Amino acid sequence: RERHRAKRRDGDREKKKRRKGRRRRASRAGEREDELQARHEKREAGRRKRAKNYQESEGRERDEEEQAQIKTGKTAKTKKNIKNEKTRKVEQEEGEAEERNAKGKKKHGSAKKEEKDEDGGKCAAKEKTQEVKKKKHKRKGADTLNSLSPEELEKLKEAVDERKKLIQGLRGKPWSMKKKLVTLRESQEFVEKYEGALGKGKGRKLYAYKVMMAKKWMKFQRDFENFKTACIPWEMKIKEIESHFGSSVASYFIFLRWMYGINMILFGLTFGLVMVPEALMGRPYGSIPRKTVPRAEEASAMDFAVLWDFGGYAQYSVLFYGYYNNQRAIGWLKFRMPLSYFLVGVGTVAYSYMVVIRTMARNANESGVGDDNSFNFSWKTFTSWDYLIGNPETADNKFASITTSFKEAILEEQESRKDDNIHLTRFLRVLANFLVLCCLAGSGYLIYFVVRRSQKFALDGLDTHTWWERNEVNMVMSLLGMFCPMLFDVISALENYHPRVALQWQLGRIFALFLGNLYTFIIALMDEINLKREEEKIVKFNITTWEASLYNSTVSENSTGPPITIQPADVPRGPCWETMVGQEFVRLIISDTMTTYITLLIGDFLRAVLVRFLNYCWCWDLEAGFPSYSEFDVSGNVLGLIFNQGMIWMGAFYAPCLPALNVLRLHVSMYLQCWAVMCCNVPQERVFKASGSNNFYMAMLLVILFLSTLPAIYTIVTIPPSFDCGPFSGKKRMFDVIQETLESDFPAWFSKVFSSASNPGLVLPFILLMVLAIYYLQSTSKSYKEANVELKKKLQTQNEENKKKNKRAALKAQMDLEEARKAASQTADSSQRLYHGKNRRNPPAPVREQGLPATRAPVPRNYHHGNHGAPGYLPGFPRQSEPRMHRVPSLQRH
Amino acid sequence: MKIFIVPSIISHRLQTISVSAVFLSLQDCTFFTRKEILRLHGRYHELAPHLVPMDYTNDPDCKLPLALIVNMPELKENPFRNRIVESFSEDGMGNLSFNEFVDMFSVLSETASRELKAIYAFKIYDFNVDNYLCKEDLEKTLNRLTKEELTPEEVELVCQKSIEEADLDGDNKLSFADFENMITRAPDFLSTFHIRI
């Protein structure tokens, strides 16, 4: 006996675990235990010797927990007693007494144990592993691993898998760090120990290989993940801004970065598939008229002013549509240049649509959790503080905004606010809208007027005019974009809206202004295109006469000599409206970028410098008073970004260099704006929520994308391409290139199939089918949504009912329990031996019964057991109402 | 110049290697990558260079008091900074070991799940640690949020309203179930309840 004691103390941790596992298991199924018992009795002697060694070593491994376990050692002992009942009947009585003792102890305090009881997932895993472990220990002595039966192997495998799962899910568990680390170490040890042993004979090698590969794969994944996070550009910069200015300002920079990513891909497409092939494999500069600067412009083609305007050499380069040749295949690769040009144009738009819509869908998924207003106050209380804020000024503003939002909510709640003069407010609002409309119309007219005037100037020749007259259009557009929003801001003060509503109005108005400006610009451009086409007709006629005269003169002079060569620069050529459109867009982008940067420098930087340094010698406080520092205007900047992107989409077909320019612009803006924000802006007072507005921006982007592809597609489809420039010259329409490819590059049957597939008889039913499908999907999604809402409601009511029921049940159970305990205490000693002797299959019943009050008893302050009084559920516990429901009735049964 | 640079690089390498074995387990327990854990360790070390060793191979047992941690710029402006640190400390008094320090920022990181965040948010707002958010807790929360700018009547009203809204079982205080039910529907919870480090 003495030896037994010593051994037990050595391995008490092991036993404790075993006990726990056993308790659980027994409550579920008795058969396993029986089986175990039988085997156990058989191998009793052999096992003990070996197990002792093992347990000793294990006990030492976990010496840090030793102290905690000494307390529980006794319970372990009792458990073992029960198990080894037959061999140690003598000890029985003593064991029972000890068991009672231990239980009492547990009731009083060991929070840790209780906690472990609650962690369902972990216990399930542990229990299994314990069981298997036990078996293994037993076996280890007498036989080797080889004698494990297939089921046991299966179980072991399961246990190992479960442990692995546990390791993976560990980071999401709300346990204290110490516990996590201990669990992790245990699990890892276990996995390492038994993983290799698993599988034998044929499967063994494969299994080991699999395990090794899985490990390697995990490591690779982790490294890759690390690498990926390291690759995200500007992460630190954005984090810094976020911590200073809160999430709303950071959302602009994240949006900018996202935009940059998209533009990178667009740039890759146009650069890799259009510009580089043409530059490398196409005919070199100066070989044909469209690739040469005309003789008249040659003198000034290298002037900076001309190049800045994207004329001269810049115009006759890969940057613009007109430079590309209509040769079907170029270079030794036989690269289909015109086809590639067309497909890249289409692909750009298609890709943009895809990305925007996908992002929108994802955002909608994320934010689609709650839109009801039933938790107004509690949300304000618990989620209004932005934990990201790390700057005193921002924090002050946030405090202020939270206070005002509370006050507003209180006012709304009381509904005692009487509109003092409804008629006046209405009148003012109508007036404000009228003023805004006037502004919009005025700006539209101004742009139209300026564009028409610039056409006149262009006809006269650019040299006769001043710089202002040449750049009038862009300047006017940029200035309008700068000042009109300010005007709107002033006007909106008339309206007396709630700030959030006011902000939406403001955004909507700026959007309308930009859109109006853009469309006026486009309409004016269309006029110009028509003018150019008229001009083209005349040029075409002139060229034929010119060629004829040339031919005649050569023939008449020397009839035998070779035809004289004409320099490509001397050949007369058409106006090439496509290049003109491309140039307009490029100029627009450049001037827009310049205005942005200059406003940034003057409006933000210079102002900040002046305010800071003049403040020492000024009569009032400049920093707190009138000019003060500027705020970062999130909405305006986002809108600017969106419209800039719209122009890119519109012009990219005629100027393949646009995405490249935009990438450059975004790159510079990222650094410049980051710097400007950090050095000369103050956090804004009106806090603009980032999460709710994300999809608002995306929706705007989608609208802009649609509106900007419309004119591009219109020009591509309806206007015939110029006759002497661009990859589609000589064709009736640009998209004829597809048909041409089909006819000449694909086998005959393919084009036949294609043409028969594209006849209206097939296309119309197909469109009809698609419309029907869309209708069907839409209606089903609608019904799903309704069902969802219904279910939500049901769930909520059920929840409430459950809560009430639970509460009642718990109260009742407690009363029953009290009674039972009283009864039990009366007959305690006499009944207990009887109970265990006869009813060995059901030992956990008393354990359960007495274990549960421990959760009710007033425990010391510890987060992990939240239910005393009523079984409300625990912070540390995954949301489960079912088990709780079960637990209460099972309690009542006993 | 070279003579100075080379040893520092080597020592840095050595430190990274020796430290990484210990931090590997942290990587499994938290949402951080190795690099981030190293950076966190740097921050932790910065808080008290004389207390925290650079070398973590032997997992030394050292804890930093609340007053030091609360002064980090990430927490400094937060009205609930004391509660945050206390909720993550084992003793409830706000003394954080490095493991708990990492755990804190892991839960507050972007990648942590909504459920996990909700559990700890509940702990943070539960000022008197009774596992319920009662009126007293709400009042304290409100006063910290608004810097006591609201009148007592207003505070009273807001508390009343909040409890009314979220309390499902009618016991006039919020249990975790009530809190979770409310917070999981909040649109801003995930975006605001995180700290970047």
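This is a predicted model: local features need pLDDT of at least 70, side-chain atom pairs count only at pLDDT 80 or more; totals for chains, interfaces and linings use all residues.

Author: Residues are numbered from 1 along each chain as its sequence is written, chains are lettered from A and ligands numbered from 1 in the order in which they are written, and side-chain values use heavy atoms, with hydrogens and water left out.

Reader: How many residues of chain B are in contact with chain A, and what area is buried between them?

Author: Count a contact whenever heavy atoms come within 4.5 Å. On that basis, 70 residues of chain A meet 80 residues of chain B. Buried area is the accessible area (1.4 Å probe) that two parts lose on being put together, summed over both. Carbon and sulfur atoms give 60% of it here, and the total is about 6900 Å².

Reader: Which residue of chain A forms a salt bridge with K147(B)?

Author: A salt bridge here is a side-chain nitrogen of Lys or Arg within 4 Å of a carboxyl oxygen of Asp or Glu. The rule finds two of them across the interface of chain A and chain B. For K147(B), the closest N and O atoms are 3.2 Å apart, and the partner is D396(A).

Reader: Which helix gives the most to the side of chain A that touches chain B?

Author: Helices are DSSP runs (H or I, at least four residues) and strands are E runs of at least two, numbered from the N terminus. Several helices of chain A each supply at least two residues to that side, among them α9 (177-195), α10 (202-231) and α17 (392-414). The one that gives the most, with eleven residues, is α17(A).

Reader: Is H194(B) buried or exposed?

Author: H194(B) sits in the segment after α11 (189-192) of chain B. Leaving out residues up to four places away in sequence, H194(B) touches Y387(A) and L388(A) as well as L108(B), S109(B), E110(B) and K117(B). Buried means under 20% relative accessible area, exposed over 50%, and partly exposed in between (1.4 Å probe, protein chains only). H194(B) has 6% relative accessibility, so it counts as buried.

Reader: How many residues apart are D570(A) and R295(A)?

Author: These two form a salt bridge, with the closest N and O atoms 2.8 Å apart. D570(A) lies in the loop between α21 (499-557) and α22 (577-614), R295(A) lies in the loop between α12 (247-281) and α13 (304-308), and the pair links distant parts of the chain, 275 residues apart.

Reader: Which residues are linked with E740(A) in a network of salt bridges?

Author: R328(A) pairs with E740(A), the closest N and O atoms being 3.4 Å apart. That pair also links distant parts of the chain, with E740(A) in helix α26 (residues 736-745) and R328(A) 412 residues away. K731(A) meets E740(A) too, at 3.7 Å, N to O. Along with E740(A), the network holds R328(A), R336(A), K731(A) and D745(A).
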